Amino acid sequence: MSSATDSTTRFSRGPDANGFYGDFGGRFVAETLMPLILELEEAWEWSRTDEAFRRELEGYQRDYIGRATPLYYAQRLTEHLGGAKIYFKREDLNHTGAHKINNCIGQILLARKMGKRRIIAETGAGMHGVATATVAARFGMECVIYMGATDIERQQPNVFRMKLLGAEVIPVESGTGTLKDAMNEALRDWVTNVDSTFYLIGTVAGPHPYPAMVRNFQSVIGRETREQILEKEGRLPDTLMACIGGGSNAMGLFHPMLDDDSVHMIGVEAAGHGIETGEHAASLNGGEPGVLHGNRTFLLQSVDGQITDAHSVSAGLDYPGIGPEHAWLHTQKRVEYVSITDHEAIEAFKLCCELEGIIPALESAHSLAHLKKIAPGLPGDHLIVLNMSGRGDKDMASVANWLEQHGDTDKLPNTTVEAAEPGRIDDMQPPHDVAKKTGETE
Amino acid sequence: MATRITRRLEALKAEDRAALVTFTMAGDPNYQASLDTLKGLPGAGADIIELGMPFTDPMADGPAIQKAALRALKGEHTQQKTLEMVREFRREDQDTPIVLMGYYNPIYRYGVEAFLKDAGEAGIDGLIVVDLPPEHDSELCLPAARAGIDFIRLATPTTDDKRLPRVLENTSGFIYYVSVAGVTGTAAPTPESVERSITRIRAHTDLPIAVGFGIRSAEQAAAIGRFADAVVVGSALISCIEQADSVEAGTRDVHALVRELSKGVRSARLTPA
Ligand SMILES: Cc1ncc(COP(=O)(O)O)c(C=O)c1O
């Protein structure tokens, strides 16, 4: 196609020198942090061309993370849905159980290079916290993880994992006690301990160079996918799909193929109870441009510019913003952004367990739910690659809770149901209402 | 044309004393009480008033100012109401400079040009926007300068000699030296180390230098006021509101502390160091 050369420079080249993707991105931070952010940018630029750094990174990717991850043909799901041919990129098979560690290993090598001894991070689902605690242990560094109090509640196993790995987990009570509040608190720590501390941001958000740096560390997902699908199918996929919290697993999958015009891309946001209810985490489909956490992007906010709380059954998607590159790709219409409700995600979660023997992370279940909607209508030679961003072990309590609240109790261990029933009646959402609500969004 | 801020600071320089700059949050604990507090500040001894614009995610602020912002927002405070407060204040006081301080998003959502126009008309003299470093001067700093509103920048312990010129470049009114790397409300460093930093900054600029972060008492204000052009007190005043038994008591306690701080600032250069 004649447009191929134009697009080569069009979509993958960002950001510019100030960290902007079109109007989005930038470095909207307090002056205290600016010198350090510039220093980080310098170190990162150095690492991009340094041969020894690349070799060391690849060594850890192979021997510590366990890369390359497989590109797996999901045969039973393909047959069940009866349309497109479905592959999973198995990021759930990484060490620590999600894509998050791809980024952590890269950033900790930079932290070491910059002479920092103390690592801080924010976490939502706890997967980034666990991955950060893991690499901090491996490199012998002090590690402090900020986690919202609500998230601590719903992701207990991960809190325990982080502690076992030697990290200090600090509960954040402000706001709704979720990811955004954890990020505020991490930023406050960073301003206070700017000399000693490296802030290891877990997604493609924050001030430049984080969005580009995290994307590049995650791009190993898309590079491998490209190679693997060429090997298996002799051509590029027709559609890529990934869930979006801040957007790092999606950017990692998409970026190496952004300039391949034939590859359609779909990012899946969390619609929580439904966009129309106002209780969701879909920044692109339900937000407006604004400035938060160091960058300009789409945000859930009031008309007066106050940030509103996100909602999702999945802690890893429960964030009122999105990486600035996604905001740009959205306005450029290069990537399609859709949203999936809690209810739809849970249904897809169950289907994946039963058909493929893979317990997906609730985050990944959002992209599975959209897959469920579109695959049946596509021809059998349409290739879809879905990023299985993580595994669902961490989500057992959340899923059990949800099923119990919605009267879907046949698989629950008796103890859970009985212990929870008496005091829980008031919290219960009538299953029919919720089903109706979700029905209406479709 | 000299702005109110410049005129005030020049007058105080002629008197050989530092300015007392107070910070309170608009709408905290409610609109009327924060307006009453505001109106009484000049009488209690505030020379320049910083008024916080509440924001849900004040990531450079400590617990005291975070809570103040949330109290204000809980009372449905808005940017419009902040401007309205200033308009009401200006009916009685045309001389005391008012600087709005906060984060960029509420201004961005209001619309930069519309905000500057309304702020200018309301009688606002300067802006401090924490998350707009000089790298983003085209967003608000330069438009503010064109609208005749001072854009006051923060310099911090991490702003080294290489970076200072960039920070100072488009700053007007005064420069605000944040004496510690940290969030608002953290403990202040020793006056000696602050004085060394001020000397370093003076080598780069003729702008008046205000010092803030961690100043809570008249003694501290006096110690800093010996060498700084202005002394900023925020969290200590906000804490008065948080701890008061009633809304009226909060206002009264703020004014009482301002009177004390003012004595500290006024006495600073009368006694030998
Ligand atoms: C398994 C998994 N997938 C996806 C996400 C969302 O993050 P991102 O959008 O940056 O990939 C998370 C975040 O915690 C996660 O744990």
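This is a predicted model: local features need pLDDT of at least 70, side-chain atom pairs count only at pLDDT 80 or more; totals for chains, interfaces and linings use all residues.
User: How many salt bridges and polar contacts cross the interface of chain A and chain B?

Analyst: The rule finds 4 salt bridges there, along with 18 residue pairs in polar contact, both partners at pLDDT 80 or more. One of the salt bridges to look up is B:Arg109 with A:Glu288, whose closest N and O atoms are 4.0 Å apart.

User: Now a single side chain. Is B:Arg90 buried or exposed?

Analyst: Compare its relative accessible area with the 20% cut-off. B:Arg90 has 8%, so this arginine counts as buried. You'll find B:Arg90 in helix H4 (residues 79-90) of chain B.

User: What does the side chain of B:Arg90 join in a polar contact?

Analyst: The side chain of B:Asp125, at 2.9 Å. Leaving out residues up to four places away in sequence, B:Arg90 also touches several others, among them B:Arg4, B:Asp95, B:Thr96 and B:Pro97.

User: On to the ligand. Which residues come nearest to the ligand?

Analyst: There are 19 residues around the ligand, and the nearest are A:Thr203, A:Gly245, A:Gly247, A:Ser248 and A:Ser389. For A:Thr203, a side-chain N or O atom sits 2.6 Å from a ligand oxygen. With A:Gly245, a polar backbone atom is 2.7 Å from an oxygen of the ligand. A:Gly247 likewise uses a backbone N or O atom, 2.7 Å from a ligand oxygen.

User: And the backbone itself: what should I look for there?

Analyst: Most residues other than glycine have a negative phi, and most peptide bonds are trans, so departures from either are worth a look. Take the cis bonds to begin with. One joins A:His208 and A:Pro209, with omega about 10 degrees. A:Pro209 is in the loop between strand S8 (197-199) and helix H10 (210-218) of chain A. Another cis bond links B:Asp28 and B:Pro29, with omega about 0 degrees. That proline, B:Pro29, lies in the loop between strand S1 (19-25) and helix H2 (31-44) of chain B.

User: Where is A:Thr96, and what is its phi?

Analyst: A:Thr96 has a positive phi of about 75 degrees although it is not a glycine. A:Thr96 is in the loop between strand S4 (85-90) and helix H5 (100-113) of chain A, and at 7% relative accessible area this threonine is buried.

User: Is A:Lys333 buried or exposed?

Analyst: A:Lys333 counts as exposed, because its relative accessibility is 71%. Its phi is positive too, near 60 degrees. Look for A:Lys333 in the loop between helix H14 (324-331) and strand S13 (336-341) of chain A.

Definitions and conventions:
Residues are numbered from 1 along each chain as its sequence is written. Chains are lettered from A and ligands numbered from 1 in the order in which they are written. Side-chain values use heavy atoms; hydrogens and water are left out. A salt bridge is a side-chain nitrogen of Lys or Arg within 4 Å of a carboxyl oxygen of Asp or Glu. A polar contact is a pair of N or O atoms within 3.5 Å; within protein, one must be able to donate a hydrogen and the other to accept it, and residues adjacent in sequence count only if both atoms are side-chain atoms. Helices (H or I, at least four residues) and strands (E, at least two) are DSSP runs, numbered from the N terminus. Buried means under 20% relative accessible area, exposed over 50%, partly exposed in between (1.4 Å probe, protein chains only). Contact means heavy atoms within 4.5 Å. A residue is near a molecule or strand if one of its heavy atoms lies within 4 Å of it.
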